[in-house]
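Subject: Structure handover

Hello,

My notes on the sheets and the ligand follow below it.

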Amino acid sequence: MRSIEHIYVDGKFVMPDGNERLELFNPATEQKIGDVRLGNADDVNAAVAAAKQAFPAMASSSKAERIDMLRSLRDAISAQPDPLAQAMTEEYGAPAYFTAFSVQNTASIFDVMAETVAKYDFDRVAGKSMVNMLPRGVMAAITPWNSNFGFIATKLAHAIGSGSTLVIKPAEQSACQTDILVRRLHQAGLPAGILNVVNGTGPVVGAALTQHPDVATISFTGSTQAAKIIQRAAIDGMKRVILELGGKAPTIILPDADLDKAIPVALMSGFANSGQACVAGTRILAPRSRLSEISERLRTQTEKLKVGDGRDPEVQIGPLASLAQWERIQAYIRLGIEEGATLLTGGAGRPAGFEKGWFARPTIFADVRNDMRIAREEIFGPVLCLLAYDDEDEAVEIANDSDYGLQAYVLGSDLRHAERIAARLLVGRVVINSAPHDPRAPFGGFKQSGIGREIGTFGLDGMLEPRAVLTP
Ligand code: ADP
Ligand code: MG
């Protein structure tokens, strides 16, 4: 059992003023593994004050100083990956392939930002004027539970790269992971006040942060629903917002696709991280001419996926993160049946052989129409929709007919042709075939998938304000 007592303010681990506690669980066993003491609005005030005090020095830091800080953070993560991965498995249930990727990716986020800072033009010329790209002040970040390390690292990297200081409120149900990560980041020896971390709930600590007059930028990753509350709170202070939100990514299987390759990619893009991913490919679009063949392969290969405790190295799909998540997924599976979709595989309840743990059955609905709620709403679990299209124009039309526009997948044998389809999609990212994760590609979405972009020069642009100086 772990009791997380401290928050991180002004370079020190301190007892929060708030004294409510939240229980923490292992989602694979449903056992309580610890609890966390939650902060309150006074803790937010203290953290923002520390960040405000540290801001002038951070804002005037050189490129070399920022790069040094980023490299130290990277080293602090890379030094000892195993305890981070273990915390992720214990508190989140993630399988080994995902924890290994997450920890390595967390380190690489700092590296990519160091590269970005090295080549970024902070001082430019426009017309006859000098233009300086300046940080605005304190950045408040709010992050979700589905990739706790990566999102905290992304926010911190953007704060440092831009010369801002940060107060972060991570997801409260990920407190063990946050604690081990922040203790590691502390080893990097950043000057006090650049990074501050306040544990707490969205409506208490999150709300206090978004309303705080000394916060200049809010960077949020999470649900579109919470983002709307946050953006409303940001209006009075005209705070800048960067929002990375939900998705309902289409996976277009083109008529010429090699199904031996395409089906595993389609399933991975949909089911990775138990489908608890804003980028999950949850609408599989198949040519009607090959529908029965594709359905059959999706069904048989889904039924071979190994669901279980992330501690088992062969497991491909872990549990859902919480009981609330499990119940949400069950409700969507019932909804799909009520809406008249056909269960191709999976369904409600736990997979056979599981009596405990927040495990869901990897589920695919066939005969889905794009106006059904299961095709329009973000489910955030291992529940995929199969939709048929007659020709590629219709595939593009269905793909773009969504309130979201975060990511899309295009699978086909002719790369040039797949690129032409990609060029018609209104999403922040299109992944063609088995393209690997690109840590340098901008990330963010169209429509209700968000505002702004993170990563690389696009990420820094969003954290900076140009000041032009006109001379006679
Ligand atoms: P979920 O409901 O699956 O936890 P959310 O989008 O609500 O997803 O959570 C993402 C992050 O946003 C979490 O850190 C959560 O505490 C925070 N959050 C939720 N509601 C609010 C809110 N009203 N104001 C600020 N932060 C919030
Ligand atoms: Mg919520």
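Seven strands make up an open, mixed sheet, ordered β15-β16-β17-β14-β13-β19-β20. Strands here are DSSP E runs of at least two residues, helices are H or I runs of at least four, and both are numbered from the N terminus. Two strands count as paired if DSSP finds at least two bridges between them. At the edges are β15 (342-345) and β20 (429-432), each of which pairs on one side only. From one strand to the next, the twist averages 25°. Angles run from 0 to 180 degrees between N-to-C directions, with axes fitted as lines to C-alpha atoms, for helices over the stretch in contact.

Inside that sheet, β13 (residues 249-253) and β14 (residues 281-287) run parallel and share four bridges. T251 has I284 of β14 as its bridge partner. Helix α11 (residues 323-338) packs on the sheet and touches β15, β16 (363-366) and β17 (383-389). Contact there means heavy atoms within 4.5 Å. The direction of α11 makes about 20° with that of β16.

A note on conventions. This is a predicted model, so to speak of local features pLDDT must be at least 70, and side-chain atom pairs count only at pLDDT 80 or more, while totals for chains, interfaces and linings use all residues. Residues are numbered from 1 along each chain as its sequence is written, chains are lettered from A and ligands numbered from 1 in the order written, and side-chain values use heavy atoms, without hydrogens or water.

- W145: a side-chain N or O atom is 3.1 Å from a ligand oxygen.
- K169: a polar side-chain atom lies 2.9 Å from a ligand oxygen.
- E172: a side-chain N or O atom is 2.9 Å from a ligand oxygen.

On its own, ligand 1 has 550 Å² of accessible area, and the protein covers 77% of that. Areas are Shrake-Rupley with a 1.4 Å probe.

Six bridges join β7 (residues 129-135) to β23. M133 is partnered by P466.

Last, the hairpin. β4 (residues 21-26) and β5 (residues 31-37) pair antiparallel over six bridges. L24 is partnered by G34. Four residues separate the strands, and E30 takes a positive phi near 65°.

Best wishes

Note on methods:
Polar contact = N/O pair within 3.5 Å; in protein donor to acceptor, adjacent residues only side chain to side chain.
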